[in-house]
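Here is a short briefing to read alongside the coordinates. Please keep the viewer open as you go through the points.

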Amino acid sequence: MVEPVGNQYVVARPVYSEALFDEEHQKVHRYHKTFLDHLRVCFSCSPQKAKKITLGVFPILSWLPAYRFKEWILNDIVSGISTGLVAVLQGLAFALLANVPPGYGLYAAFFPVVMYFFFGSSRHISVGPFPVLSLMVGSAVLKIVPDDTGNSTLTNSSLTDQQRVMVAASVTMLAGIFQLLLGVLRIGFIVIYLSQSLISGFTTAAAIHVVISQLKFIFQLPVPGYNKPLGIIWTLKSIFEQITDTNIADLVTALIILVIVFVVKELNDRYKAKLPVPIPIELIVTVIAAGISYACNFKEKYGVDVVGRLDRGFQAPASPDMSTFQSCVGDSFSMAIVGFAVAFSVAKVYSIKHDYPIDANQELVAFGISNIFGGAFKGFAASTSLSRSGVQESTGGKTQIAGFLSAMIVMIVILAIGHLLEPLQKSVLAALALGNLKGMLMQFKEIGILWKKDRYDCLIWVVTFLAAVLLGLDIGLAAGVGFELLTVIFRAQFPKCTVLANIGRSDIYRNRKDYTDIFEPEGVKIFRCPSPIFFANIEFFKDKLTAAVGFNPLRVLRKRNKALRKIRKMLKKGDLQVTPKGFLCTVSGLNDSDEELDNNSIEELDKPTDTKDLPIQLDWNSDLPANITVPRIDIHSIILDFSAVSFLDVSAMRVLRETLKEFVRIYVDVYIVGAHDGLLDKLERYGFFDDEIKPSIFFLTVHDAVLFILVKKDIADSSTKFKPITEKEKKDHYIINTNGGLRSRDITVPPETKF
């Protein structure tokens, strides 16, 4: 019964153990499905299931029939055109990161978008090249086809470009295969192992790599690629060694473009509420730069490096290079995970904002098919660009029809007007690539925020960033994930175990170190472990429990058994007599050593103490015969709060069982409270219970166990210590006299305390 009394509540109920509560409230023993049951469900077939699978594999069938043509089509057209123009420029720019000719960036901005239109579950993200992913592709390309700065004839350069295109396409296809397999196997949950801190640190490091990789285009220097640990340092060394050979025209052009792009993007962010659409500054500066370069003949006058010939139309699909598959398995898997993680995190933001569901596994399938298809047509890996997706959503895009229309804009450029971009300087594309990094570089501010919020997350950010910068993106990502998992293991292996006390003389128990108004039942220790208990931390748990109670139960048990041997030997020799006041030793000293008493095996010392054959009942805390000492124990009960223990493995159950037996054998009762559903069943299957450890030690709450202990120890039987309230109080409350029952940290306790 629960009765509200103002802002308080009064509860009247029995003291419940787990067994009593289940019996009284008729707990239902549910049938838990086995692995075979799940297999039957998985392979069963019905019209409803077939329809669900079809709509899951082809999400377009769920939203296209419900498309509001009159309301949405104009928004999607405007959004598609705006996004398509940005996609063209980013495709050309990000191709430089992938170390392939710029024209192949257009393929990466077209084919994946078309495939995602049919298979993707997000309605707002813009699929295509992403700088971090493009840089990872470029690293894999340089590993297979390194720069050859010694012999750079036109023929050799063309052959190198073709080899790099095939490597990029093969790596992309392999990444797509990994994504498709993960999606089919329903392993979309793998993204949860990439925390926000890890992704932030990794993408920031990738932004640093992007900046360094584009310097050679801004300065127009023949810098070789260093795809190895500390490669970024070697790249900077090579740049500074050749800094005097900088092409001033390229440098000035890039700096002007960077300033203009940063200023206009800042204006777009500041006045985005007033602007109907963001100012397409990338398109504007590209058109102007290409026109000026063509009109002034920059290539001939100043020797600038331009985009060059762009093939009109699409190239025939090509099969992947199997030797590349073997050499770039790790790179492809890293690209598959990073590309999916970035895309899914962006898609999730928009799905929450616009209230529609997305499926992680279907997103893996969609990106897998997109990358396989794009790689077959000589594109490189695709994910989603934050800036491009922002354009698609902010310009009014409602569905992936906007994405499909953006692909049509890219197709028009590929088929008809791509040649107009041939005079464009590569330094302009490099500046545009750097102009899209502002958001990623601003993530440095997260270090201070994370340090204040959670230092473990801050360390994950810093370690991932440094590893990715110094060791490379692939090794850095692996190192970041490894360190992240290590922090989880560390926190689980060394949990902050605490001793609880009663707070405010109520049914609330908290860490005794955090409060001054605390009360602890005499002879009772309440121990809390806020973590799963398993093979890696069970010994730590046992050590902390031993430290909390102040003695080692096994050591006490062995001391007591040794003392019993001495007592029996002395009684047998007549050196010890029993009197009404206790034992009387008739000799001044004993010559028996511990070695003489340890002739039997150590297992006998670990058995329960047996005092039935003694003529007197032993009190281990009272005076014992001379030369016989055992540790004094002032605790009669221990309560283990398992409310935060989500699971125990076999190793933990074994050690826990042994520990509980050690306490029980020295007459210290142990109770477990707050155990989750199913733990009792698991312990029974393990064979945890016997004559010494019984299911009755489990209670619902700490307060239930405390009240049970008080009644059991006769603290609550006396009317002076435990009596009903009769004046101005409800009859379902009790008063517990804290003298001898509960003690205060300040020692001075009131004569009666409400409990």
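Which residues of strand β7 (residues 518-521) point one way, and which the other way? Ile518 and Glu520 point one way, while Phe519 and Pro521 point the other way.

**Overall picture**

- The protein has 755 residues, and 48% of them are buried.
- Its secondary structure comprises 31 helices and 17 strands.
- Among contacts with a separation of 6 or more, 79% are between residues 24 or more positions apart.

**Confidence**

- Where pLDDT is low, the predicted coordinates should not be read in detail.

- Strand β5 (residues 498-503) runs antiparallel to β7, and two bridges join them.
- In this pairing, Ile503 is opposite Ile518 of β7.
- β5 is also joined to strand β8 (residues 524-528), by three bridges and again in antiparallel fashion.
- Here Leu500 has Ile526 of β8 as its bridge partner.
- From β8 the pairing goes on to strand β11 (residues 637-641), which runs parallel to β8 and is joined to it by five bridges.
- Ile526 turns up again in this pairing, standing opposite Ile639 in β11.

**The second largest pocket**

- What volume does the second largest pocket have? It holds about 1300 Å³ of space.
- Its lining consists of 43 residues, of which Asp269, Leu386, Ser387, Gly390 and Val391 are the closest to the centre.
- Seen by element, two or more lining residues come from each of α5 (69-97), α10 (196-219), α12 (248-270), α13 (281-296), α16 (329-354), α18 (386-394) and α21 (438-441).

**The enclosed cavity**

- Rolling a probe the size of a water molecule over the atoms shows where empty space is left.
- One cavity of 30 Å³ or more is present in the structure, and the volume of the largest cavity is about 40 Å³.
- Leu194, Leu198, Ile199, Phe202, Thr203, Val338, Ala341, Val342 and Leu477 line the largest cavity.
- Two or more of these lining residues come from each of α10 and α16, and α10 gives the most, with four residues.
- By class, the lining of the largest cavity has eight nonpolar residues, one polar residue and no charged residues.

**A serine in helix α11**

- Ser238 sits in helix α11 (residues 231-241).
- Why does Ser238 count as buried? Ser238 counts as buried because its relative accessibility is 6%, and the cut-off for buried is under 20%.
- Leaving out residues up to four places away in sequence, Ser238 touches Val223, Pro224 and Tyr226.

Terms used: Residues numbered from 1 in each chain as written. Predicted model: local features only at pLDDT ≥ 70, side-chain atom pairs only at ≥ 80, totals over all residues. Heavy atoms only, no water. Buried < 20%, exposed > 50% of the residue type's maximum accessible area, 1.4 Å probe, protein only. Pairing = 2+ DSSP bridges. 1 Å grid on protein atoms, 1.4 Å probe; cavity = no way out; pocket = protein on both sides within 12 Å on 5 of 7 lines; lining within 4 Å. Points joined across faces, edges and corners; volume = space filled by probe spheres on them. Nonpolar A, V, L, I, M, F, W, Y, C, P; charged D, E, K, R; others polar. Contact = heavy atoms within 4.5 Å.
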